[in-house]
Amino acid sequence: MRLTILGGFLGSGKSTWLRHHLHHGLLRDALVVVNEAADAPVDDALLVGSTRLRVLAGGCACCETRPALVALLRDICDDRVGGDGSAPRIDHIVLETSGLADPGRITDCIVTDRVLQHHIVVGEIIVTVDALHGLGQLRDEDLGRRQIETADRLVVTKVDVAQLERLRRLIATLRVLNPGAALSGSAMGSPTELPDALGGDAETPPVVGAYGAGVPIRAAAIDLGKTLDWPALAVWLSALIHARGDDILRIKGSVRTPRGRILLQSVRKVVQSPEILPDEPVAGDNRDGLLVLIGRRFTAGELVRSLNAFGIGGVAAIEAGAASANVRRPSHEDG
Amino acid sequence: MCANCGFPAAQGHWTDAGAGSAFDRIRGRLQRARILAPVLASYGLTVHDDGSGSGFILANRTGHQVMVNTLSELWEAAERIIGRPVDPLDPRFAGEAPTP
């Protein structure tokens, strides 16, 4: 089963976005799990119309109700395996997290659970960012920033009511914080064009937490070349994650191996079991042989020299501007 | 699933993904040992993997030996022996001057 994690700060428009996509989009057949930090659930009322909905209230799933989330997901796995075939089969779960959740920690608890790791593949992490309050949240809340850093896809919500200047600045800031993520806009849940970020000045919000305070987060993209040896890269990556796991927030990449292309993903020190990708890159998907690292205290040049020292040649750093063009673009925006 | 305790076995380590056949697996392991040797040598450690069994053996010059199953365990064991992690971004690997 694929699990899509939908995160985003409190009130950033997660439910609105989800509701729209449940009715119109690809998520129509998904089972929806809603987590709310408050004891009295409200979000499920917004989501009536979804035929399959489970609610997990009374705490945030990345910390206090984590055991309940694991139990609920195990239940869903049991139903799927042991059902009598009368209920429609579930292939996709969408987890709407509470606004206080760190999607990275949820991924962590799924890939380390010894039942769930066999049943659930964490697919996309989608994070909504409020066009009105996003910048303020980034300034004040370390959490808002962590959510954005872990996203595969950022959805800027409330685009229709935001000032153009603010919106541009937000988009430029998001591009700096997470250059690897696809970026799209939304108004009342419907996909909306985003203005060009050109002309928007990126803000560098201060990091609130003690660790890494004031050290800028950068992204480095590395072209792995065509003749990469995966065992050698695995040696290098595992050492890097062990030594620098607190600084390297996110790694994404696709690598050619004897079994085909595999998709690599890590959030901080947790590496997901690599996923085999369809052999031929989909049109517009240029990720083949590309590794993106997001974090602090390293430069692309250091990474390339280090790879060479580990016996991995034929690699090159990709310039910052080119990197975001090469990473996954929004492939489908359904209406 | 483990026949003795009934728990599902741990999934293969992520670094072992991508091997299509037993041949790929052995080839990958030998290649891994070849890459590891000079890296660990710069910290006074040796690694031995003959392609049989499930893991490899890490040793230092005084003859202290540890058996490890995965690369993650290897880096943890190396850190315990040398007192700091083997850091690919250490100047000896990532510095401007070409490494010998």
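How many bridges join strand 7 of chain A to strand 8 of chain A, and in which sense do the two strands run? In this predicted model, 3 bridges join strand 7 (residues 182–187) to strand 8 of chain A, and the two run antiparallel. A:Ala187 stands opposite A:Ser190 in strand 8 of chain A.

## Basis of the description

The model is predicted, so that local features need pLDDT of at least 70 and side-chain atom pairs count only at pLDDT 80 or more, whereas totals for chains, interfaces and linings use all residues. Residues are numbered from 1 along each chain as its sequence is written, chains are lettered from A and ligands numbered from 1 in the order in which they are written, and side-chain values use heavy atoms, with hydrogens and water left out.

## The eight-stranded sheet of chain A

In chain A, 8 strands form an open sheet in the order 3-2-4-1-5-6-7-8, with mixed pairing. Strands here are DSSP runs of E with at least two residues, helices are runs of H or I with at least four, and both are numbered from the N terminus; two strands pair if DSSP finds at least two bridges between them. Strand 3 (53–56) and strand 8 (190–192) of chain A stand at the edges with a single partner strand each, so one side of each is left without a neighbour in the sheet. Neighbouring strands are turned by 25° against each other on average, direction ignored. Axes are lines fitted to C-alpha atoms, for helices over the stretch in contact, and angles run from 0 to 180 degrees between N-to-C directions.

Strand 4 (residues 92–96) of chain A has 4 of its 5 residues buried, so it is largely enclosed by the rest of the structure. Buried means under 20% relative accessible area, exposed over 50%, and partly exposed in between, for a 1.4 Å probe and protein chains only. Strand 1 (residues 2–8) of chain A pairs with strand 4 of chain A in the parallel sense over 5 bridges, and A:Leu3 has A:Ile93 as its bridge partner. Strand 2 (residues 31–35) of chain A also runs parallel to strand 4 of chain A, joined by 4 bridges; here A:Leu31 stands opposite A:Ile93.

## Positive phi in chain A loops

A:Lys158 is not a glycine, yet has a positive phi of about 60°. This residue is placed in the loop between strand 6 (153–157) and helix 8 (164–177) of chain A, and is partly exposed, with a relative accessible area of 24%.

A:Arg297, likewise not a glycine, has a positive phi of about 65°. The loop that holds A:Arg297 lies between strand 14 (290–295) and helix 10 (300–309) of chain A. With a relative accessible area of 38%, A:Arg297 is partly exposed.

## Chain B: sheet and helices

Chain B contains 3 helices and 3 strands, in the sequence pattern α-β-β-β-α-α. Its open sheet of 3 strands has the order 1-2-3 with antiparallel pairing. The edge strands of chain B are strand 1 (45–48) and strand 3 (65–68), each pairing on one side only, and the twist averages 20° from one strand to the next. Strand 1 and strand 2 (residues 56–60) of chain B are antiparallel over 4 bridges; B:Leu45 has B:Asn60 in strand 2 as its bridge partner.

Helix 1 (residues 22–41) of chain B lies across strand 1 and strand 2 of chain B, at about 165° to strand 1. Helix 2 (residues 71–82) of chain B lies across strand 1, strand 2 and strand 3 of chain B, at about 15° to strand 2. Of the 100 residues of chain B, 40% count as buried.

## Aromatic pairs and a charge over a ring

The count over all chains comes to 3 aromatic pairs. Rings of Phe, Tyr and Trp (its six-membered ring) pair if their centres lie within 6.5 Å; planes under 30 degrees apart count as stacked, over 60 as edge-to-face and the rest as tilted. A:Trp230 and B:Trp14 form a tilted pair, 6.4 Å centre to centre with 50° between the planes. This pair crosses between chains, from A:Trp230 in helix 9 (residues 230–244) of chain A to B:Trp14 in the segment before helix 1 of chain B. Both A:Trp230 and B:Trp14 are buried.

Ring pairs also link A:Phe310, B:Tyr43 and B:Phe93 into a cluster. B:Arg92 lies over the face of B:Tyr43, at 3.9 Å from the ring centre. A charge sits over a ring if NZ of Lys or CZ of Arg is within 6 Å of the ring centre and within 35 degrees of the ring normal.

Note on methods
Contact means heavy atoms within 4.5 Å.
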